[in-house]
Number of protein chains: 2
Amino acid sequence: MTNRVLLAHGSGGALSHELIRDLFLRYFDNPQLRAMADAAILDDLPPGRLALTTDSYVVQPLFFPGGDIGELAICGTVNDLAVMGARPCYLTAGFILEEGLELKTLERIVASMADTARAAGVQIVTGDTKVVDRGSADGVFINTAGVGVIPLGIDLGPHRLQPDDAILVNGSLGDHGMAVMMQREGMAFSSNLQSDTAPLNGLIDELLTTLHTQVHWMRDATRGGLATVLNEWAQTAGMGIEVFEERMPVGEEVRAACEFLGLDPLYAANEGKVVVAVAQEAAEHALATLRQHPLGKNAALLGRVTTSHAGYVTLETLYGARRILQMLTGAQLPRIC
Amino acid sequence: MTNRVLLAHGSGGALSHELIRDLFLRYFDNPQLRAMADAAILDDLPPGRLALTTDSYVVQPLFFPGGDIGELAICGTVNDLAVMGARPCYLTAGFILEEGLELKTLERIVASMADTARAAGVQIVTGDTKVVDRGSADGVFINTAGVGVIPLGIDLGPHRLQPDDAILVNGSLGDHGMAVMMQREGMAFSSNLQSDTAPLNGLIDELLTTLHTQVHWMRDATRGGLATVLNEWAQTAGMGIEVFEERMPVGEEVRAACEFLGLDPLYAANEGKVVVAVAQEAAEHALATLRQHPLGKNAALLGRVTTSHAGYVTLETLYGARRILQMLTGAQLPRIC
């Protein structure tokens, strides 16, 4: 038995079957996957509207403080469904492996995916593995697609955004981006920075159950950070958004790391943060609801939707000045997820 | 405007949005994709059981006689749904791009995906793009996941396989594998070999409409070829399968290329071939139905299911000898799809 990934693991033949049986089935086991058919049949979906999403994960390094590519690949797709108001149900997993990858590295990743899927209440029901020759990929890339169901009555999106809607976030900004950057720069030892990678479906479920239609729009602030989400919202809805620097929850270590590397935490990636727009009168109730959840302890009210400055995000700085918060223009942090 | 893929195209910021607007939306345009939400909402699915599948595509070279990675990424996922008896409806598309890839190469691929999706009657409703630094991937990798609906009354699978079931295939074997290999070896000029890449949902729909429940099981013979599918069937169903070498539809050029490269066409990959098990009494009807379709002109009856040799596939050779057709053990053709 080899202890590294061989090209033959991606051949569709005997070694492919061995990998599926001894690794993927062992960790992800469920009836659909066990059928090893060309597609999984999803027989027991709850009523509602179906939502479908996908993301590929190419994060470097594969393991970082507070998470790994496997945990990320589950959380990212779970969160993309959850912010649409969908209950995530089923995931696919597509692996692109580099020849020579240690099988025990792959096993650590697969074990982490299985743990995270269990925590998020989703099942990995179908998958695929390709192997490319050494030097043609970088260790492991993972794609997950996800199917969820939006319960009847839930309707979120740009058409629901109203002037004076409150803008909230469930906690500190930039933790994932800066934890990965510090690890990559070889400085992880000098900080306690941890990625915030987490499945948000539980928190979001609470929020929707409590506030119903008072929740207007949600988005997870991943690549491009909070600033990018707010800009997308302002542009798509054709309204202004006004936020306050003093209200931004940014941890001391993220602030220090950002200063050291010359980065802005408002653009740094998060993997466990949701930006929420709620009706003005529900702002305090939303904040309290978020803060009651373990993933929302540091939730904050960041600002509001305005009719002025349509299409733009304005930031009131600590010194009382007001500036436009632009969309991310370069590649601040490549391969952050 | 750059003419190559930059890391910033994967940042989630301004260049990512430009790529989505100017390339993906231009070719794949539909209301779900245009919403640019975290997940697509699938509102108008026909009644039936939902099927979900995924595959990643890493074929090298990206363009080969008879197809390209884009066409393959649509057909492969459409076919995985179709062989389950599902009508393919919606696809996701996840791109992993290598920094420095020419944007016009990406555009050719995206255009080919759009053409193929149109031909197959499916829509690409959500997607994702990641960019990795030069040398960390090989041009373009694509993942597609697909959602389809199995009409009520359709039930295919190992539990339907019966002794004496007829085994058919819709045409010549090994065309895709050998076309890619010849291109890779720089010998494409000396042959007219074309990949058979094609969406099979139309052909399969005809077959199911005509033969209903007389169709027992289907699978597309991709990586590992016909021999691998038959072995999976024999093992999963716990029956024997008996096939005849003289009935195998193998083109002259595939035969010549296989001889030249020392390969066996029964293990070579196909991307437009479905293996079908039908009730014994429906064999001729199934063959005639396949042959009436443009993608089934060279359909053949290959053999039958047996109670003897349970778990094994036996091949009667041209010389009347009988041998066991093993599952593929090595990696005959890496990065074939």
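Axes here are lines fitted to C-alpha atoms, for helices over the stretch in contact, and angles run from 0 to 180 degrees between N-to-C directions. This is a predicted model, where local features need pLDDT of at least 70, side-chain atom pairs count only at pLDDT 80 or more, and totals for chains, interfaces and linings use all residues. Residues are numbered from 1 along each chain as its sequence is written, chains are lettered from A in the order in which they are written, and side-chain values use heavy atoms, without hydrogens or water.

**View 1. Two helices of chain A, side by side.** H3(A) and H4(A) pack at about 30°, their axes 7 Å apart (helices are DSSP runs of H or I, at least four residues, and strands of E, at least two, numbered from the N terminus). Among the residues of H3(A) that meet H4(A) are A:Ile74 and A:Val78, and on the H4(A) side look for A:Met113 and A:Ala117, among others (contact means heavy atoms within 4.5 Å).

**View 2. The open sheet that takes in a strand from chain B.** Its 5 strands run in the order S6(A)-S5(A)-S7(A)-S2(A)-S1(B), with mixed pairing (two strands pair if DSSP finds at least two bridges between them). S6 (123-132) of chain A and S1 (40-42) of chain B sit at the edges with a single partner strand each, so one side of each has no neighbour in the sheet.

**View 3. Strands S2 and S7 of chain A.** S2 (residues 49-57) and S7 (residues 140-150) of chain A pair in the antiparallel sense over 9 bridges. To get your bearings, find A:Leu50, whose bridge partner in S7(A) is A:Val149.
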